[in-house]
Amino acid sequence: MHQVMGQVVRNRELAAGLWHLIVEAPEIAARAEPGQFAMLRVASGLEPLLRRPLSFYRIARHYGWLEFVYKVVGRGTQILTTRAAGDRLDLLGPLGRGWDLLPGTRRIGIVGRGIGIAPLIGLAEAAVRRGIAVEAFLSAREPQALLGLDLLRELGCGLYLHTERGEYSGRCREVTEHLEEAFEEEKPDQLFVCGSRRLGQAVLDFSRRRGVRSQISLEERMACGLGACIGCVTEIRAEDGREYRRVCKEGPVFWVEEVAMLYDR
Ligand SMILES: Cc1cc2nc3c(=O)[nH]c(=O)nc-3n(C[C@H](O)[C@H](O)[C@H](O)COP(=O)(O)OP(=O)(O)OC[C@H]3O[C@@H](n4cnc5c(N)ncnc54)[C@H](O)[C@@H]3O)c2cc1C
Ligand code: FES
């Protein structure tokens, strides 16, 4: 893990309230893996004091670049939109545990909703580089919020899209309905999900029924991001009851069958 002063390469709005940030930070890019995240200090002064966690959207190691896509939700992300090319940005990373592509995996599904699609894009790139076929099941309120579509198309991924409004609405109620259709004849080796508890539950159900190893990336409010404050715990199913794990340290990626809240309906 490194604390570095990165340099903003680009920071631009992709769609209403959705921004794409590229930061040059070669020390972190050299070690970062899809599914991990960085803690960003969004302002140089003391306010806001706490860093903000953002997942790696893409990792361009040869340029030393880290790419993030973030949604403006509060003060910290609002301040981040004011950062421009050439500005310095204090980053801590790479942090947490990323996705596991298991040996022998030949075909995967990524299942994401809204900003939860962000950490799945780097995974799709890494998988395709390893010769793994990727089917993407993506949903959002509106089509503009479906992240990474052009890139996924370029990578040759199968796309199953659902939006509440606009172009991709009305074909199904949930994008996970397409899982059965896409994997009817041959199940995927692994599924990866991020974006909502309901999606996580659908992936857990599918995975238990079809015997698929699946992972979820969880989001919890984080203060330190380093495992020190115990402010980000989630309940994990253990043999003799439930245990707590820190999302920033033992996660944010967990095996779906471990995550207690996916069983609480
Ligand atoms: C591991 C991880 C990866 C994430 N990756 C992304 C990403 O790629 N893109 C993206 O848009 N968002 C991501 N988030 C959510 C993002 O961190 C919050 O939206 C952001 O911190 C909000 O900050 P704010 O100051 O604008 O909002 P405020 O609500 O003003 O924040 C107040 C405090 O609450 C924390 N907080 C608020 N919402 C969240 C949240 N949902 N998760 C964690 N902490 C939160 C903030 O960090 C801050 O300390 C991720 C969260 C986690 C835990
Ligand atoms: S945020 Fe402090 S332990 Fe996870």
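Is strand β3 largely enclosed by the rest of the structure or left open, and how many of its residues are buried? Hello everyone, let's start there. Four of the five residues of β3 are buried, so this strand is largely enclosed by the rest of the structure. Please keep in mind, as we go along, that this is a predicted model.

Let's look at the partners of β3. On one hand there is β4: four bridges join β3 to β4, and the two run antiparallel.

Seven strands form an open sheet, and if you read across it, the order is β4-β3-β7-β1-β2-β6-β5, with antiparallel pairing. At the edges you find β4, residues 52-55, and β5, residues 58-60, and each of them pairs on one side only. Neighbouring strands in this sheet are turned against each other by 35° on average, with direction ignored.

Strand β1, which covers residues 2-15, pairs with β7 in the antiparallel sense over six bridges. Within that pairing, Q7 stands opposite R88 in β7.

The peptide bond that joins G93 and P94 is cis, with omega at about -5°. There is another cis peptide bond to find, between G251 and P252, and there omega is about 10°. Where does P252 sit? Its place is in the loop between β14 (241-246) and β15 (253-255).

I230 belongs to the loop between β12 (213-217) and β13 (233-238). Is I230 buried or exposed? I230 is exposed, because 12 other C-beta atoms lie within 10 Å, and a residue counts as exposed at 12 or fewer.

Next, the other sheet. This one is an open sheet of six strands, in the order β10-β9-β8-β11-β12-β15, and its pairing is mixed. The edges are taken by β10 (158-163) and β15; each has a single partner strand, so one side of each is left without a neighbour in the sheet. The twist here averages 15° from one strand to the next.

For an example of strands that run parallel, go to β11, residues 190-194, which is joined to β12 by four bridges. There, L191 has S214 of β12 as its bridge partner. Helix α6, residues 197-210, packs on this sheet and touches β8, β11 and β12; its direction makes about 165° with that of β11.

The protein is divided into domain 1 (2-95) and domain 2 (107-262). Their centres, taken over C-alpha atoms, are separated by 22 Å. Where they meet, 18 residues of domain 1 are in contact with 18 residues of domain 2. On the domain 1 side, the elements giving two or more residues are β3, β4, β5, β6 and β7. The residues on that side divide into 13 nonpolar, two polar and three charged.

Finally, the ligand. The shell has 22 residues, and the closest are S55, Y70, G74, G76 and T77. By class, twelve residues of the shell are nonpolar, four are polar and six are charged. β4, β6 and α2 (75-80) each supply at least two residues of that shell.

Definitions and conventions: Residues numbered from 1 in each chain as written. Chains lettered and ligands numbered in written order. Predicted model: local features only at pLDDT ≥ 70, side-chain atom pairs only at ≥ 80, totals over all residues. Buried ≥ 20, exposed ≤ 12 C-beta atoms within 10 Å, placed from the backbone. Pairing = 2+ DSSP bridges. Axes fitted to C-alpha atoms, helices over the stretch in contact; angles between N-to-C directions. Contact = placed C-beta atoms within 7 Å. Near = placed C-beta within 6 Å. Nonpolar A, V, L, I, M, F, W, Y, C, P; charged D, E, K, R; others polar. Domains from an automatic or database assignment.
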